[in-house]
Amino acid sequence: MAEKSVSEPRILAFCCRYCAYAAADLAGAMRLRYAPSIRIVEVPCSGRVEVGEMLHAFERGVDGLMVAG
Amino acid sequence: MIVGEQKPLEEIMGLLGDARKVLIVGCGTCVTVCFAGGEKEVGILASALRMKSKLEGHSMEVDEVTVQRQCEWEYIDPLQPQLKEYDVVLSLACGIGVQAMNERFPDALTLPGLNTTSLSLPVEQGVWEERCQACGDCILGLTFGICPIARCSKQLLNGPCGGSQNGVCEVDPDIPCAWQLIWERAVAFGQVERLLEIQPPKNWSVSRDGGPRKIVREDLRLTHVE
């Protein structure tokens with residue numbers, strides 16, 4: 001686990017290609033702003049996300065994780 | 001299938017003690033299909049151990065491998081060259097797999113990460129119910145295919161007992177009375193008279209009471225020509 005940043009928590013978002021990722025895309029097209037410390041991973045379906053992958057993300061130092069779909 | 005449950009993380013941490021480098025060995029057969037010790041569970045436990053040990057201030061290096069069957073020599077033999085790199089091996093197989101590892105690789109200490117619980121049937125997704133106790137003298141032919149050794153709390157051969165109420169066992173209302181089930185099957189087949197025959201005491205010498213069991217099939221053994 002990496003050192004945590006107090007000011008900017010790193011958030012990883014697993015987003016379903018067909019809904020949540022499309023929404024994030026739309027947010028970009030609409031020039032809506034969200035924190036740059038949020039990283040989005042597109043997945044074919046939110047059901048594709050495994051517990052092991054979430055734990056790996058925490059091991060690699062993310063502060064929070066979102067599965068959106 | 002053989003069914004197991006993962007031990008609590010605290011207990012596993014206690015077993016591992018001060019080990020710095022750990023290899024978790026999963027099994028690709030029974031414990032994979034009961035979601036206790038397959039490749040996924042190995043990965044999850046490895047992550048958990050790495051994070052927990054780091055939080056507790058002694059980083060543990062944890063590697064992962066899953067073999068197809070941990071209870072057969074030919075599947076575990078390929079592990080041998082890498083075992084010397086580890087302080088300890090943690091097996092997520094059933095008790096047979098753990099012992100196979102210790103017997104085959106006496107220089108590497110293999111510890112159990114699971115509690116092996118039963119020979120069970122997955123009656124629905126996420127639910128396993130005990131169906132066999134491997135008693136060594138199957139009586140399913142006398143009991144219409146329902147085992148009172150595994151499913152009757154008293155292992156009665158001539159049931160039901162007075163604790164059978166409304167089809168459930170007095171031990172726990174979630175346990176169906178095995179003898180009620182047997183009776184209903186006998187009624188359905190029109191053969192209740194078969195249950196009137198009193199069964200004599202069971203031969204437990206072929207179960208655990210006779211000590212560890214062993215089968216030798218001479219027709220299957222490899223013959224060594226001098």
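Which domains does the domain assignment of chain B give? I found domain 1 (2–118) and domain 2 (135–210), with bounds that come from an automatic or database domain assignment. I then looked up their C-alpha centres, which in chain B lie 38 Å apart.

I noted that this is a predicted model, in which local features need pLDDT of at least 70, side-chain atom pairs count only at pLDDT 80 or more, and totals for chains, interfaces and linings use all residues. Residues are numbered from 1 along each chain as its sequence is written, while chains are lettered from A and ligands numbered from 1 in the order in which they are written.

For chain B I read an average pLDDT (the predictor's confidence in each residue, from 0 to 100) of 96, with 99% of the residues scoring at least 70.

Next I traced an open sheet of four strands in chain B, ordered β3-β2-β4-β5 with parallel pairing; strands here are DSSP runs of E, at least two residues, and helices runs of H or I, at least four, numbered from the N terminus. β3 (61–67) and β5 (110–112) of chain B stand at the edges with a single partner strand each, so one side of each has no neighbour in the sheet.

I checked β2 (residues 21–27) of chain B, which pairs with β3(B) in the parallel sense over seven bridges, where pairing requires that DSSP finds at least two. Helix α3 (residues 39–55) of chain B packs on the sheet and touches β2 and β3 of chain B, contact meaning C-beta atoms, placed from the backbone, within 7 Å.

Conventions:
Contact = placed C-beta atoms within 7 Å. Axes fitted to C-alpha atoms, helices over the stretch in contact; angles between N-to-C directions.
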